[in-house]
Amino acid sequence: MSRIFSGIQPSGDLHIGNYLGAVKNWAQLQHRHESIICIVNLHAITVPYEPRELSSRTWEMAVSLLAAGLDPEHCTVFVQSMVPQHTELSWIFNTITPLGELERQTQFKEKAQRQESVMAGLLNYPVLQAADILLYRADLVPVGEDQVQHLELSREVARKWNARFSPQQDYFPEPKPLLTVTRRIMGLDGQTKMSKSMGNTIGLLEEPAAIWEKLRPAMTDPKRVRRTDPGTPEVCNIYQLHKAFSAPATVEHVAKQCSTAGWGCIDCKKVLLESMTGEMGPIRDRALELRARPGRVEEILQGGAEHCRLLAQETMRQVKEKMGLP
Ligand code: AMP
Ligand code: TRP
């Protein structure tokens, strides 16, 4: 069975873009692959942050992932800083990663632009990501399209390390991205990708009333001005959300009602709210249960880290042996 590894930053609450684009996919993959999912708090500290906030966000992310369907029986969930070998292997990879490759990374250039002073950790972010993946010699990495360039770097690190230190047999497999089929989810403004930094998100754990407050004014088909104008479902962001949350028959019905002006946009949004509540209600309930049992969450994270430390220790033993490091 091939092994998958993926990571998510503990940056704010999980929104439905993260859920549809990543987490839901992981919850399905866990039944077909040996799965390891990491909350990457060491990546999160490469930009300015508040320690207390980071710690509560890390906790909230664990609760959200478990509530969204990651099952400790099928999937190892852990926090990156609890397995010290990530940083150890990252240092080693820093010694074989060309500076030029790091400076070329799109995400680095974007993030660096927004900082007053750029720290070395931000530049080396993709090296730590390569270490995350290769530490477990994972074959597949389910991520969104924005991570493809980082993954290419991980593959190059694996190739270089193998060529230099393990020429007889490729010790590290070259990890392949497993692109999520879900297209990118647009924000409620219908203009940009749903993302925390744009303030256009719906949280996975939000109450129906709060979701409605956001859905009601959300952008629809911009050409549909009057209630009596027929709409074009394909250009409407609300219709895209129907495709993600509603049953196929409902999606078909919605398209018909929209394109014949049978429904107004508010009617359509009410049905969407119902579909969303149907899927997200049980997730919210599970999150409440988990929050009421912090000891259980702690136990899952400790167990996950313990399992990962064992795998990581073995990798590091072999890596050091091949590199002449006692
Ligand atoms: P981020 O919060 O940007 O670190 O993303 C965490 C995961 O969610 C990554 O795998 C992203 O590709 C995915 N993701 C984030 N925002 C969206 C979105 N609007 N639509 C689809 N997937 C997303
Ligand atoms: N950089 C990834 C993101 O922003 C998070 C991440 C860190 C990751 N390490 C990883 C993803 C390893 C996949 C595998 O989404």
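**Ligand 2.** I started at ligand 2 and found a polar side-chain atom of Tyr 125 at 2.7 Å from one of its nitrogen atoms. I counted a polar contact as a pair of N or O atoms within 3.5 Å; within protein, one must be able to donate a hydrogen and the other to accept it, and residues adjacent in sequence count only if both atoms are side-chain atoms. Gln 129 places a polar side-chain atom 2.9 Å from a nitrogen atom of ligand 2. For Asp 132, I noted 2.7 Å between an N or O atom of its side chain and a nitrogen atom of the ligand. I listed 13 residues around ligand 2, the closest being Gly 7, Tyr 125, Gln 129, Asp 132 and Gln 147; near means that a heavy atom lies within 4 Å.

**Basis.** The model is predicted, with local features needing pLDDT of at least 70 and side-chain atom pairs pLDDT 80 or more, while totals for chains, interfaces and linings use all residues. Residues are numbered from 1 along each chain as its sequence is written, chains are lettered from A and ligands numbered from 1 in the order written, and side-chain values use heavy atoms, without hydrogens and water.

**Strand β3.** I took helices (H or I, at least four residues) and strands (E, at least two) as DSSP runs numbered from the N terminus. Five of the five residues of β3 (residues 75-79) are buried, so the strand is largely enclosed by the rest of the structure. Buried is under 20% relative accessible area, exposed over 50%, partly exposed in between (1.4 Å probe, protein chains only). Cys 75, Val 77 and Val 79 point one way, Thr 76 and Phe 78 the other. β3 pairs with β2 (residues 34-39) in the parallel sense over five bridges; pairing needs at least two DSSP bridges. Opposite Thr 76 I found Ile 36.

**Cores.** I defined a nonpolar core as buried Ala, Val, Leu, Ile, Met, Phe, Trp, Tyr and Cys residues joined through side-chain atoms within 4.5 Å. The largest has 53 residues, of which Leu 65, Leu 215 and Met 276 touch the most other members. Helix α13 (residues 265-292) gives the most to this core, eight residues. A second, separate core of 39 residues includes Ile 36, Phe 108, Leu 135 and Phe 172.

**Helix α13.** Beyond four places in sequence, Met 276 contacts Ile 16, Ile 202, Ile 211, Leu 215, Phe 245 and Gly 281; contact is heavy atoms within 4.5 Å. Ser 275 is also in α13, and it counts as buried because its relative accessibility is 15%. With the same exclusion of neighbours within four places, Ser 275 contacts Phe 245 and Ser 246.
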